[in-house]
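Good morning, and thank you for the time.

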Amino acid sequence: MLPPEAVKELVEIALDRELAEFDMDANLYDRYELNSMGAVAMFVELQVRTGVEVPPEIAPLLQTGSDIARFVELKSTSNSA
Amino acid sequence: VTTLIIGASGAVGAGIAKRLLQGKWDLVLTSRHSSSRADPGLADLAGCCWMDLDVTNEAQTETVIAEVGRRSGNRFNLIYCAGRMNDRPLLQLTSEDWNQVTSVNLDGAFFAIRAAFQKLAVGRTGRIVLIGSISATHAQFGQAAYSASKAGLEALCRVAALELGRFGVTCNVLAAGALDDGMMSQVKPQVAQTISARTPLRRLGTVAEVAGAVEFLLGPSAGHITGQTIVMDGGFSAT
């Protein structure tokens, strides 16, 4: 499971700024004003750090930090199975 | 780092491949069919890794680029040389003519860049070079589709450079003028003579010169060049 601190770091990279606090269940686009290019950067960084690739058709479905953590867990489980 | 050359069986693509092969670059080459690789002029490239690719086929493009990504660990360059010319005056240009030219020259480049985007971003080293033409900015009779497609390629390049820049990936167009041994071999000799006469250097370019410029764009000296159209036309467009 990707810890909240790791997800927060990814979002900070995407936003190019630090976040004082981070809610794993908040919508990244609404609460933190993540845009589509920032999201691309976030998922690229996720792949660099974890090896988990987020296909372009899946990316829009991952709206919160929890969504991202669950996706990584799911992919990690299916890869190790 | 692997270099993928899309459209390597044409004169320009093959010339680039031969140049890079001499420089010991690791290459993956594509052509539409295996039959198009039977040309004796491609004998030097027979030992390279070739893959079939119809650039108008999105799914096939994604498959080829996924394979190159796997093979290279997402550290690869993309050179797009696939091109088609079908000159007709506007009044005689059918939508089929238009689509045949733009699908190869522009749509195919879009499919390739989109398929490569995330992989290049993860690899953080890639260079994209798109082979353009001075026809993008200088009207030539009968080249509505060709000119529009090459102009579109330049615009696509600028956006790709903007979106890929933060990942360290560059994207440039090399806009060639008329080449002695490129598509000009399909036109009447008088046309080549007329162009030569209007060119400050008084001659057409060569595929070898295009290949040299591409190798420069792939090299470390070009690391800060992105979103640009590099014109190589003997000064034709300067007049």
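Which residue's side chain meets that of Glu53(A) in a salt bridge? The partner is Lys119(B), with an N to O distance of 3.8 Å. By salt bridge I mean a side-chain nitrogen of Lys or Arg within 4 Å of a carboxyl oxygen of Asp or Glu. Between chain A and chain B the count is 2 salt bridges.

A word on conventions. This is a predicted model, in which local features need pLDDT of at least 70 and side-chain atom pairs count only at pLDDT 80 or more, while totals for chains, interfaces and linings use all residues. Residues are numbered from 1 along each chain as its sequence is written, chains are lettered from A and ligands numbered from 1 in the order in which they are written, and side-chain values use heavy atoms, with hydrogens and water left out.

Let me return to the interface. Chain A contributes 14 residues to the contact and chain B contributes 10 residues, where contact means heavy atoms within 4.5 Å. The two chains bury about 920 Å² between them, and 54% of that is on carbon and sulfur atoms. Buried area here is the accessible area, taken with a 1.4 Å probe, that two parts lose on being put together, summed over both. On the chain A side, Met37(A), Val44(A) and Gln47(A) lose the most area to chain B, together 48% of what that side buries.

As for secondary structure, helices are DSSP runs of H or I with at least four residues, and strands are E runs of at least two, numbered from the N terminus. There are 2 salt bridges between the chains; on the side of chain A that touches chain B, helix H1 (4-15) and helix H3 (36-50) each supply at least two residues. The largest share of that side, 8 residues, comes from H3(A).

The charged groups also form a network: Glu9(A), Glu45(A), Arg49(A) and Arg124(B) are linked by salt bridges. Glu9(A) is found in helix H1 of chain A and is partly exposed, at 37% relative accessible area. For this term, buried means under 20% relative accessible area, exposed over 50%, and partly exposed in between, with a 1.4 Å probe and protein chains only. Glu9(A) and Glu45(A) are 36 residues apart in sequence, yet their C-alpha atoms are 9.7 Å apart.

Over all chains, the search finds 14 salt bridges. Lys8(A) is buried at 14%, and Glu12(A) is buried at 15%.

In chain B, Arg114(B) forms a salt bridge with Glu58(B), the closest N and O atoms being 2.5 Å apart. Arg114(B) lies in helix H3 (residues 95-123) and Glu58(B) in helix H2 (residues 58-72) of chain B, so the pair ties together parts that are 56 residues apart in sequence.

Finally, which elements do the buried residues of H4(A) pack against? They pack against H1, helix H2 (28-31) and H3 of chain A. Among the buried residues of H4(A) are Ile68(A), Phe71(A) and Val72(A).
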